[in-house]
Amino acid sequence: MRAMSESVPVRCPACRREHRYRAPSYRCVCGARVAPSLDMHGTATAVTHESWEEGWVSLRCAACGREDQWPRPELGCPCGTLLRVPMAEGSAPAMTATRPERRRSRFRPVTIHTARDAVTAAAVYLRWLGYRDIRRADQRPPSGVGIAARGLVAQVDPTARPASLRDVECLWLTAMTESANCAYFSLAGYADEAHARAETLDVPLFVLDLTGTPQPVNGPADELDATGP
């Protein structure tokens, strides 16, 4: 398996809306990243009945050869349909019902209709990751809304403008002054220079889709999504 999957087009069979999806990568116990290979030309299917066995896939780490179970790639469409993203040949389903030690409960997003919903969605996601004492940040960011948790400051930008280089740098500086980690959540994505700078500063970047599900869009975000605080 590749350490990071490519972005693939996913069309909802119910409403025909097209999305871009990139499966999150996970950290093997050896430290290497593992991610499912997605089928660039496959067709997404609607999940009509969820079962424990079908919700997992077995992935083998290319670094150490260890095989482990990880969540199957799925994407929530704004129309309410849960989409199962097709995987390339070799990503075999995990048929065991043994509960993995690192499993978290399924994330339940908050549908975004307003700017306030976007902030709530980010807070719910951070709480799901394991952060505690989530509240409004003491310092107001240049744009969007600041939220904080124990050991973390985050910025939520619910506007239609991609986050800028300055936005990312200001968040990073705020985190540095508070000796905390940081994360950025944006509805409209990120300018190219902002994305590049976030990689060098190790700032996790997430894009919020309208279902309220944060999608990691860089390496630090993949790691945070996989391992939590």
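A residue is called buried when its relative accessible area is under 20%. The structure described here is a predicted model.

Seven salt bridges are counted in the model. One of them joins Arg 84 to Glu 74, with the closest N and O atoms 2.8 Å apart. Arg 84 belongs to strand β9 (residues 82-84) and Glu 74 to strand β8 (residues 74-76), so this pair ties together parts that are ten residues apart in sequence. Arg 84 has a relative accessibility of 15% and therefore counts as buried. Glu 74, at 15% relative accessibility, is likewise buried.

A salt bridge is also formed between the side chains of Arg 60 and Glu 67, at 2.8 Å from N to O. Here Arg 60 is partly exposed, its relative accessible area being 45%, and Glu 67 is partly exposed with a value of 45%.

The side chains of Arg 161 and Asp 157 meet in a salt bridge of 3.6 Å, N to O. Arg 161 is partly exposed at 35% relative accessible area, whereas Asp 157 is buried at 0% relative accessibility. Both residues belong to a network of salt bridges that links Asp 157, Arg 161 and Asp 167.

Across the pair, Val 8 stands opposite Tyr 21 of β2. Strand β2 (residues 18-21) has His 19 and Tyr 21 on its covered face, while Glu 18 and Arg 20 make up the uncovered one.

Terms used
Residues numbered from 1 in each chain as written. Predicted model: local features only at pLDDT ≥ 70, side-chain atom pairs only at ≥ 80, totals over all residues. Heavy atoms only, no water. Buried < 20%, exposed > 50% of the residue type's maximum accessible area, 1.4 Å probe, protein only. Helix = DSSP H or I, 4+ residues; strand = E, 2+ residues; numbered from the N terminus. Pairing = 2+ DSSP bridges. Salt bridge = Lys/Arg side-chain N within 4 Å of Asp/Glu carboxyl O.
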